[in-house]
Amino acid sequence: MWQLKPLLLLIAVLLGALACTVAGDGGMPLVIPITKDADTLLYSVSAPVAENDQITNHLVLDLSGPIIWSTCPDGYVALGCTSPACMQAHRFHPPNCPQTGYGRPDADNPRRCKCTAHPYNPVTGDTASDDMTEFTTSVNATDGWNPIYTVSFMVSTSCAPESLLTGLPWNNVGVVGLASSALALPAQIADTQKVPNKFALCLPSAVSNGVAIFGGGPLFLLPPGTPDLFATLAGDTPLRKHGKSTGYYISADKGIAVNQIQVPLDGYGAAPLLIALSSTIPYTALRSDVYRAFITAFDQATSEMARIKPETPPFELCYNSTQLRQMRMGYAVPQIDLMLEGGKNWTLFGGNTMARVNDNTACLAFVEMREENKQYGYGGGPKEAPAVVIGGFQMENNLLVFDVENQRLGFSSLLYAKHTTCSNFNFLKFPMPA
């Protein structure tokens with residue numbers, strides 16, 4: 001009977017690949033590794049340039065970014081002002097960026113209008129105006145287990161000056177937007193590959209790779225036997241809009257709970273709470289009115305735990321980690337629940353709530369939102385900012401599935417419960433049998 005095992009495995013692989021193809025109406029999902037920069041705590045992807053396989057662009061992931069932008073090489077060709085991509089680029093204007101029309105005269109052809117876009121640095125809040133262009137990139141298709149072959153396709157991007165790279169990792173040349181817009185990477189992949197406009201994001205917590213899959217599932221992580229994680233996420237939580245932002249928002253209809261006790265919130269901070277998701281801030285930020293009540297609740301729930309004074313900025317509550325028990329889900333501290341619209345709780349355990357700052361100190365990794373910080377809201381002021389902005393640390397080793405077409409979010413909570421992590425996708429290429 002042992003001879004049947006390779007055949008059964010081959011049939012399973014082929015059926016999985018066929019399912020991907022049918023679900024995408026002819027295309028297959030694409031997979032991209034994600035890396036974390038130890039200095040900036042930002043997450044990046046690598047995009048090889050198909051015209052020159054010696055060049056690989058490293059780009060920061062931005063869940064709120066509506067476009068892809070990077071510094072451009074000499075000799076690029078700007079898109080015209082009447083191109084569809086130019087029309088789409090001008091549907092979004094970053095904060096403090098004035099309307100300047102669709103473009104400017106082409107120096108080589110005064111009768112031609114070159115399309116101008118407005119790239120935005122999500123770290124510094126700075127903007128620029130530069131040409132829209134196109135280039136060909138190469139990404140691996142996947143059957144959910146491994147990369148299987150390389151796909152090359154055109155992407156519309158904005159050029160940007162090198163001055164806009166401030167605050168990004170040293171080897172990054174731009175930003176790849178993942179937001180709900182026609183020029184973000186998920187929509188461009190859906191359009192060119194004929195796959196659903198949905199993507200899975202699994203951010204790593206260390207130097208090893210995380211994974212992003214565009215166009216649907218399945219998704220299998222090591223060890224062998226782990227179920228298809230994509231299929232287990234039903235997308236119970238509606239995605240919401242917030243002003244002119246193209247980012248992703250959810251609503252905590254019943255607010256926040258610490259140690260399964262609802263945090264009392266009064267006045268403007270009362271539930272429902274609008275929650276944003278951001279891959280470009282390291283730790284979850286709470287608006288001042290919500291933050292104070294939350295910190296008080298967590299302080300009371302951990303009153304018997306040994307504290308470390310003074311605290312380590314930017315954190316307010318720090319603990320003696322040598323006296324905290326280590327469990328499968330991280331430090332044994334009170335769980336935090338975001339009680340969401342649709343009835344599901346996003347539960348945060350110690351692995352996503354406590355940041356280890358040195359050998360004997362772990363701090364509650366939530367910070368107070370500052371009004372002057374350009375990363376929050378679009379226009380400033382407390383009423384423009386969401387109540388909570390979930391940062392990268394809280395999303396690490398959680399699988400998030402963004403169904404952009406149906407405006408739904410699915411999430412796994414901490415993958416440690418399934419004995420796996422976001423770094424357990426097998427990026428060893430495994431070609432499909434002929």
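**Disulfides and sheets of the predicted chain**

With 95° about the S-S bond, the link between Cys 86 and Cys 115 is right-handed, a disulfide being a pair of cysteine sulfur atoms within 2.5 Å. Its two sulfur atoms lie 2.2 Å apart. The pair links distant parts of the chain, with Cys 86 in helix H2 and Cys 115 in strand S6, 29 residues apart; helices (H or I, at least four residues) and strands (E, at least two) are DSSP runs, numbered from the N terminus. Both cysteines, Cys 86 and Cys 115, are buried, where buried means under 20% relative accessible area, exposed over 50%, and partly exposed in between (1.4 Å probe, protein chains only).

The model is predicted, so local features need pLDDT of at least 70 and side-chain atom pairs count only at pLDDT 80 or more, while totals for chains, interfaces and linings use all residues. Residues are numbered from 1 along each chain as its sequence is written, and side-chain values use heavy atoms, with hydrogens and water left out.

By the distance rule, the count comes to five disulfides. When the bonded cysteines of the chain are numbered in sequence order, the pairing reads 1-6, 2-4, 3-5, 7-10, 8-9. Cys 72 is joined to Cys 159, S to S 2.0 Å, and the torsion about this S-S bond is about -95°, so the disulfide is left-handed. Because Cys 72 lies in the loop between strand S4 (68–70) and helix H2 (84–89) and Cys 159 in strand S8 (residues 147–159), the pair ties together parts that are 87 residues apart in sequence. Cys 72 is partly exposed, with a relative accessible area of 24%, whereas Cys 159 is buried at 2%.

A further disulfide connects Cys 81 and Cys 113, S to S 1.8 Å. Its torsion of about -65° about the S-S bond makes it left-handed. Here too the link is between distant parts of the chain, from Cys 81 in the loop between S4 and H2 to Cys 113 in strand S6 (residues 109–117), 32 residues apart. Cys 81 counts as buried at 9% relative accessibility, and Cys 113 is partly exposed at 32%.

Turning to the sheets, an open sheet of six strands has the order S13-S14-S17-S27-S18-S26 with mixed pairing; two strands pair if DSSP finds at least two bridges between them. Strand S13 (240–242) and strand S26 (366–368) stand at the edges with a single partner strand each, so one side of each is left without a neighbour in the sheet. From one strand to the next the twist averages 35°. Within this sheet, strands S14 (residues 245–252) and S17 (residues 273–277) run antiparallel and are joined by four bridges, with Ser 251 having Leu 274 in S17 as its bridge partner.

A second sheet, open and of four strands, has the order S16-S15-S22-S23 with antiparallel pairing. Its edge strands are S16 (261–262) and S23 (345–348), each pairing on one side only. Three bridges pair S15 (residues 256–258) with S22 (residues 336–339) in the antiparallel sense, and Ala 257 stands opposite Asp 337 in S22. Helix H5 packs on this sheet, touching S15 and S22, and its direction makes about 20° with that of S15; contact means heavy atoms within 4.5 Å, and axes are lines fitted to C-alpha atoms, for helices over the stretch in contact, with angles from 0 to 180 degrees between N-to-C directions. Helix H5 (residues 288–301) also lies across S17, strand S18 (284–286) and S26, running at about 135° to S26.
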